[in-house]
Amino acid sequence: MKSPLPLLFFMTEISCPARAVPLLSPLRHRCQWATTLLLLLIPWFRANGNSLLRVDIPGLNLHLFGQTLRIEELYLVLLFSLALTLGFLLITLLLGRVWCGWFCPQTTLTDLAEWFAKRLGLRGKKQQAGKIMQQAVLQLVHLFLAFLVSANLLWYFIEPQRFFSQLVTGQLHYAALIFLLLAALLVYLDLALVRRLMCSELCPYGRFQTALADQATLTLHLPPTELERCIECGSCVRVCPMEIDIRRGYQVECINCGRCLDACRQVMAKRNQPGLINYTFGTAGEGVRALLNLRTLLLSLATLILIVILLLAVYNRPAVSLKIAVSHTAASRELKDGNRATFFNAWVNNRSSQKATYHIAARQADNREALPLRGRASDFVLEAGENLRIDFILVAPVPSSQLEVEFILLDRTGNELAITSALIK
Ligand code: SF4
Ligand code: SF4
């Protein structure tokens, strides 16, 4: 049976004495490393002067591919998370645990730990006996990987350059330090003790995908019609990192890595026969047509709609925002001329990709009469993506009951960019 994904999984030809065998492993390794490197490097890349993806906790911002989302724009973050979740569900519904076997950094880390153990001659329990030095080196490798992963996680909150300078000068915030140590400890325990158990028993995504997989989900399959060609060599079982015998049919622990497929192909190539195991969408032999079902189509549609809504919401939001609040730290006071001075805090967020100069003005809402502002309300400059607090004083007549005041944010040429109002009593 031919693979249903000859284009998606373009196979690398590896020479074999009997014939050239198309193997998936080289491509899978590239996918694993590409994902891991991407996750390592994303915090180092910048767009519009900010990290490509970073949660700025002190500034209450999310830097997302050149856009800076403020906390008050949380709905965009929720939309983004929802689109990501639906996209992930869709991929799982279509491709099963392909993420686990081909992209997940946990799998890559475990592969790496096993590779080091093999290099040091520590693969099985028997091999480990008496090799103290090798054991120590392996633990050091685990520790290095653990701290690398832990630091990498922190870089999504603290820029890597700032992280290293704070670490070296001892200025890293204690919360960040605790996170670094705790995450490193967990990753170390994972590498030293847990490894594949994470995929089979602990990872919630692994459990979750079991509920999602249906008759059309991509899976490794050995058709019953091919079983009689099986020479019972056991290669497919020996190479399986999840210790599965795929000949017994689909099992939820299978991470769709394709190692068994490669192993069988190599064995059968020596007999000038095609491998017995293949990727198939479902097991009924429908191929890609199995994907044409209501569940897949509805989920694809919902994901697409959400992505379009998210893109429209992000790119059509105003380029600047203005928030105003009466100061809680300074009480308003009566002036000698009979007016009242009220202290305000304003937050201006320049969401554009360019530095800009702004100005805040005030007027009475009912008659649009201008009201004077004292303080920093004129000609202040904000860098791209910057959020700035401005403190100023509004001087207005003492109202008999209450006065509605409009605050207008203007650009250099006097264009009104944002308006917000406040009540003074
Ligand atoms: S059965 Fe095959 S695809 Fe599944 S985990 Fe084992 S080797 Fe990987
Ligand atoms: S590798 Fe292929 S031939 Fe060998 S036991 Fe597995 S399915 Fe059978």
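Begin by selecting the shell around ligand 2, which by class holds ten nonpolar, two polar and two charged residues; here Ala, Val, Leu, Ile, Met, Phe, Trp, Tyr, Cys and Pro count as nonpolar, Asp, Glu, Lys and Arg as charged, and the others, Gly among them, as polar. This is a predicted model, in which local features need pLDDT of at least 70 and side-chain atom pairs count only at pLDDT 80 or more, while totals for chains, interfaces and linings use all residues. Residues are numbered from 1 along each chain as its sequence is written, and chains are lettered from A and ligands numbered from 1 in the order in which they are written.

Of the 14 residues around ligand 2, colour Cys 230, Cys 233, Ser 235, Cys 236 and Cys 264, which come nearest (a residue is near a molecule if its C-beta atom, placed from the backbone, lies within 6 Å of it). Helix H11 (235-238) and helix H12 (259-269) are the elements that give two or more residues to this shell, and H12 gives the most, with three; helices are DSSP runs of H or I with at least four residues, numbered from the N terminus.

Now select H12 itself: how many of its eleven residues are buried? Nine of them are, including Arg 259, Cys 260 and Cys 264, where buried stands for 20 or more other C-beta atoms, placed from the backbone, within 10 Å of a residue's own.

Key:
A residue is buried if 20 or more other C-beta atoms lie within 10 Å of its own, exposed if 12 or fewer, and partly exposed in between; C-beta atoms are placed from the backbone.
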